[in-house]
Amino acid sequence: MTEEKIGSIKERLAQAKEGELPSFIERYASDARSGVQKLVETAKKRLDHLEKERIRTENLKKYEREYDNYLYICGIDEVGRGPLAGPVVAGAVILPKDCDILYINDSKKLTAAKREELYDVIMERAVAAATGMVGPERIDEINILQATYEAMRQAIAKLVPAPTLLLNDAVTIPQVEIPQVAIIKGDAKSISIGAASIVAKVTRDRLMETYQDIYPEYGFASNKGYGSAEHIAAIKKYGPTPIHRRSFIENFV
C-alpha cells in the first residue's frame with residue numbers, strides 16, 4: 001500500500017473542520033514520520049485552542065444566564081462617538097439562548113477580517129439584529145451622547161421580535177420602557193453586547209469606506225472618520241465635507 005504523502009496529509013489538516021480534528025489525530029498518531037507528527041501536534045494545538053475559546057465564550061454568557069428568565073435578551077452597543085466625521089451607529093442583537101458562536105468579543109479586540117466573518121455569522125444566526133444611525137447634523141444639533149441614545153432607540157425599535165431585556169454597554173438609555181442592565185465594558189463581558197458591537201462596527205466601517213470614493217482626500221477608508229494626523233491635515237487644507245461634525249472640528253477650521 002502506497003504511503004500517503006505528507007503534502008496530502010497537510011492539505012487534509014488545512015481543510016479539516018473542527019469536528020474532524022479528533023479523527024485526524026487518531027488516524028495519523030501512529031505515523032512515525034516527523035513531518036506527520038508535527039501535523040498531529042498542530043491538530044492537537046487547534047483542538048486545545050478551540051476548547052479554550054469555548055470556555056471563554058461560556059464565560060461571556062454570565063449575564064445571559066443570570067437573566068435567563070427573560071425570553072429575548074438584547075445586547076446594545078455603539079460605535080463612532082469619537083470621530084470627527086460620519087454617523088454614530090448603534091447595534092442591537094438578540095442571540096439564541098443556545099448560541100455557540102465562537103470568537104465574539106469587543107469589536108476593538110478583533111481584526112477587521114474577523115469582524116467581517118463574525119458579522120455574517122451573527123446576522124445569519126441571531127434571533128433578531130438591527131442597527132440605528134444618527135448623522136453629523138443631528139449630532140451637532142443634540143450632542144453626541146443624545147445622538148447615541150437616539151441611534152440605540154432606532155435599533156431597538158427595528159427588532160422583531162421585540163426584546164424583553166436590554167444589556168447595554170455602560171449606559172442606561174432614556175425614553176425606553178424595556179428593562180435595562182448597564183454593564184461597564186459590557187462588550188468584553190457579554191456575548192450579546194459583543195455581538196452588537198461587531199454589527200455596529202462593521203456597519204459603520206463599510207459606510208465610511210464608501211465615503212472614501214466620494215471624498216478621497218480625507219482617508220476615510222483607513223481612519224474611519226477619526227482624527228488621524230492625515231485627516232486633520234486634510235480638513236485644514238480642503239475644509240470640511242457634509243459628513244463632518246461641525247461641533248467636533250471647531251479647532252481645525
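The legends below describe several close-up views of one predicted model.

The structure is a predicted model, in which local features need pLDDT of at least 70 and side-chain atom pairs count only at pLDDT 80 or more, while totals for chains, interfaces and linings use all residues. Residues are numbered from 1 along each chain as its sequence is written, and side-chain values use heavy atoms, with hydrogens and water left out.

**View 1. The largest nonpolar core.** A nonpolar core is a set of buried Ala, Val, Leu, Ile, Met, Phe, Trp, Tyr and Cys residues joined through side-chain atoms within 4.5 Å, where buried means under 20% relative accessible area, exposed means over 50%, and partly exposed lies in between (1.4 Å probe, protein chains only). The largest such core has 24 residues, and those that touch the most other members are Cys74, Ile76, Val88, Ile156, Leu159, Leu166 and Ile173. At least two core residues come from each of strand S1 (73-79), strand S2 (88-94), strand S3 (128-134), helix H6 (136-142) and helix H7 (144-158), these elements being DSSP runs numbered from the N terminus (helices H or I, at least four residues; strands E, at least two). Helix H7 gives the most, with seven residues. Leucine 159 is in contact (heavy atoms within 4.5 Å) with Cys74, Ala92, Ile94, Ala128, Ala129 and Ala130, when residues up to four places away in sequence are not counted. A second, separate core of 17 residues includes Val93, Leu95, Ile101 and Leu110.

View 2. Strand S4 (residues 165-169) is largely enclosed by the rest of the structure, because five of its five residues are buried. In a regular strand the side chains alternate between the two faces of the sheet. In S4 both faces are covered, with Leu165, Leu167 and Asp169 buried on one side and Leu166 and Asn168 buried on the other. Two strands are taken to pair if DSSP finds at least two bridges between them. By that rule S1 and S4 pair in the parallel sense over four bridges, with isoleucine 73 standing opposite leucine 165. S4 also pairs in the parallel sense with strand S5 (residues 180-183), over four bridges, and here asparagine 168 stands opposite alanine 182.

**View 3. Aspartate 77, a buried charge.** Aspartate 77 belongs to strand S1, and although buried it has no salt bridge, the nearest side chain of opposite charge being that of lysine 108, 5.9 Å away. Leaving aside residues up to four places away in sequence, aspartate 77 touches several residues, among them Gly91, Met152, Asp169, Asp187 and Ser197.

View 4. Aspartate 187 is buried, with a relative accessible area of 6%, whereas lysine 108 is exposed at 63%. Arginine 125 and aspartate 100 form another salt bridge (2.2 Å, N to O); arginine 125 lies in helix H5 (residues 112-125) and aspartate 100 in the loop between S2 and H5, so the pair ties together parts that are 25 residues apart in sequence.

View 5. Most residues other than glycine have a negative phi, and most peptide bonds are trans. A cis peptide bond joins valine 160 and proline 161, with omega about 5 degrees, and proline 161 lies in the loop between H7 and S4. Glutamine 175, in the loop between S4 and S5, has a positive phi of about 65 degrees although it is not a glycine, and this residue is exposed, with a relative accessible area of 69%. Lysine 185, in the loop between S5 and helix H8 (191-214), likewise has a positive phi, near 55 degrees, and is exposed at 61%.

Key. Lys, Arg positive; Asp, Glu negative; His and termini not counted. Salt bridge = Lys/Arg side-chain N within 4 Å of Asp/Glu carboxyl O.
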